[in-house]
Amino acid sequence: MIRDARVLQPEFVPRDIVHRTHEVNTLTAALEPVTNDIQGETTLLYGPSGTGKTCIARYVTEQLHEGVLDLNSQYVNCWEDYSRFKTLYRLLEGINRTMNVHRQSTPKDELLERLRDYEGAPYVVILDEVDQLEDKRVLYELNRTKDLTLILIANEEQELFEPLQPRLTSRLQTATRIEFDRYTTDELVEILKPRVRWGLPEDAIRVTQLELISEAVAGDARVGLEVLRVGARRASQRGLETISDEIIYDAAPKAKAEIRQRNVEILTTDQRILYDIITEHGKIPPSDLYKEYRDRTDDPKSDRMVRNYLSKMERYNLVRTEGENRGRTYHSVS
DNA sequence: CATCCACCGGAATCACGGGTTG
DNA sequence: CAACCCGTGATTCCGGTGGATG
């Protein structure tokens with residue numbers, strides 16, 4: 001049933017952006033100096049997930065490539081490359097300066113040096129999930145690097161700056177802020193329409209059903225697309241030509257579960273054990289959790305490490321915490 | 001009310017593996 | 001070859017917090 005799977009992928013960047021014109025224009029304006037070979041303004045895109053932050057950042061950068069002959073750009077997901085070293089390494093990759101940086105054992109700040117020594121075309125850098133960066137001082141360092149134009153993406157701007165000293169944030173505070181709100185039902189329908197047109201056969205799904213999806217996912221475009229994919233797969237499994245309401249009702253929770261499942265799959269064995277314990281209990285106080293974890297594994301990690309795992313899993317949206325200090329309990333997300 | 005202590009999370013330090021250097 | 005460097009995960013140590021206890 002799926003004609004073109006690519007357009008239903010969350011990382012697909014459409015040729016035309018519907019809505020978000022204000023955001024696109026603001027970002028384009030901030031990057032405008034790059035067309036004159038000058039460093040652009042640092043921008044900060046923030047808002048809930050599935051509101052088009054990454055998509056717009058990539059879209060505007062691609063447009064820039066079309067208008068400017070000489071331009072480098074690189075996308076870094078700080079969730080995957082969360083250490084200072086990995087982030088810097090990716091940035092060097094983007095300008096092919098990694099040779100001789102044999103991963104490790106190079107003098108301590110060789111990477112940043114190299115980045116700063118670079119004198120070439122303007123370099124536009126998208127740092128996604130930037131709040132996941134463990135050492136945020138690297139932002140300050142990058143912000144001070146000439147000819148580097150930063151696009152920072154985060155869920156909440158507050159969380160990003162909280163752990164930073166005021167001294168470090170001052171330079172970043174001047175960044176152009178672009179806030180992304182949740183899509184309304186109508187907006188999300190308009191976003192899904194062209195994807196359906198390219199990705200699915202004609203008449204596979206009606207507009208009223210797109211509305212159904214948009215409401216079910218509360219304006220989260222990523223989950224909305226996932227529902228479309230899951231729904232299309234279901235329909236073809238059942239040999240149907242169209243996606244029915246019933247399939248959508250069915251697919252909505254399934255889509256969310258699949259997104260979570262992908263995160264579960266990248267957990268380590270110890271993290272997985274913790275995850276299983278919490279899902280089995282539904283809700284469990286810390287001491288019981290630590291104890292049961294130790295029972296279930298031959299070579300348990302320290303409690304401190306368990307806490308690291310748990311906070312990581314919380315950021316992955318795999319577990320939820322309730323209460324502070326002594327009253328804390330860990331919950332599964334249902 | 002004072003004390004206790006379960007819990008969190010920052011910081012310093014260690015251990016290890018992969019890499020280079022001399 | 002040994003000696004050394006580096007990043008990363010893990011451990012150890014510990015101060016802060018605030019509900020529970022007497």
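In which sense do strand β7 and β8 pair, and over how many bridges? Strand β7 (residues 319-322) and β8 pair in the antiparallel sense, over four bridges; strands are DSSP runs of E of at least two residues, helices are runs of H or I of at least four residues, and both are numbered from the N terminus. Two strands count as paired if DSSP finds at least two bridges between them.

This is a predicted model, in which local features need pLDDT of at least 70 and side-chain atom pairs count only at pLDDT 80 or more, while totals for chains, interfaces and linings use all residues. Residues are numbered from 1 along each chain as its sequence is written, chains are lettered from A and ligands numbered from 1 in the order in which they are written, and side-chain values use heavy atoms, with hydrogens and water left out.

**Domains**

Chain A is assigned domain 1 (20-179), domain 2 (185-264) and domain 3 (267-332), with bounds that come from an automatic or database domain assignment. Between the C-alpha centres of domain 1 and domain 2 there are 33 Å.

**The antiparallel sheet**

Strands β6, β8 and β7 form, in that order, an open sheet with antiparallel pairing. The edge strands β6 and β7 each pair on one side only. The bridge partners across β8 are listed below.

| Residue | Partner in β8 |
|---|---|
| K283 | H331 |
| R320 | H331 |

Strand β6 (residues 283-284) is joined to β8 by two bridges.

Within β8 (residues 329-332) lies S332. S332 is buried, with a relative accessible area of 16%; buried means under 20%, exposed over 50% and partly exposed in between, with a 1.4 Å probe and protein chains only. From β8, T329 and H331 point one way and Y330 and S332 the other, and all are buried. Leaving aside residues up to four places away in sequence, S332 touches I278, T279, G282 and R320, where contact means heavy atoms within 4.5 Å.

**The parallel sheet**

A five-stranded open sheet has the order β2-β3-β4-β1-β5, with parallel pairing. Because β2 (72-77) and β5 (176-179) stand at the edges with a single partner strand each, one side of each is left without a neighbour in the sheet. From one strand to the next the twist averages 15 degrees. Four bridges join β1 (residues 43-46) to β4 (residues 148-154) in the parallel sense, and L45 stands opposite I153 in β4.

Helix α1 (residues 21-31) packs on this sheet and touches β1, β4 and β5, its direction making about 165 degrees with that of β5. Angles run from 0 to 180 degrees between N-to-C directions, and axes are lines fitted to C-alpha atoms, for helices over the stretch in contact. Helix α3 (residues 84-93) lies across β2 and β3 (123-128) and runs at about 150 degrees to β2.

**The helix pair**

Two packed helices are described by the angle between their axes and the distance between the axes. For α10 (residues 221-237) and α11 (residues 245-265), the angle is about 115 degrees and the axes lie 8 Å apart. Residues of α10 in the contact include V223, V227 and V230, and those of α11 include I247, A251 and I259. The residues of this contact divide into nine nonpolar, one polar and nine charged; Ala, Val, Leu, Ile, Met, Phe, Trp, Tyr, Cys and Pro count as nonpolar, Asp, Glu, Lys and Arg as charged, and the others, Gly among them, as polar.
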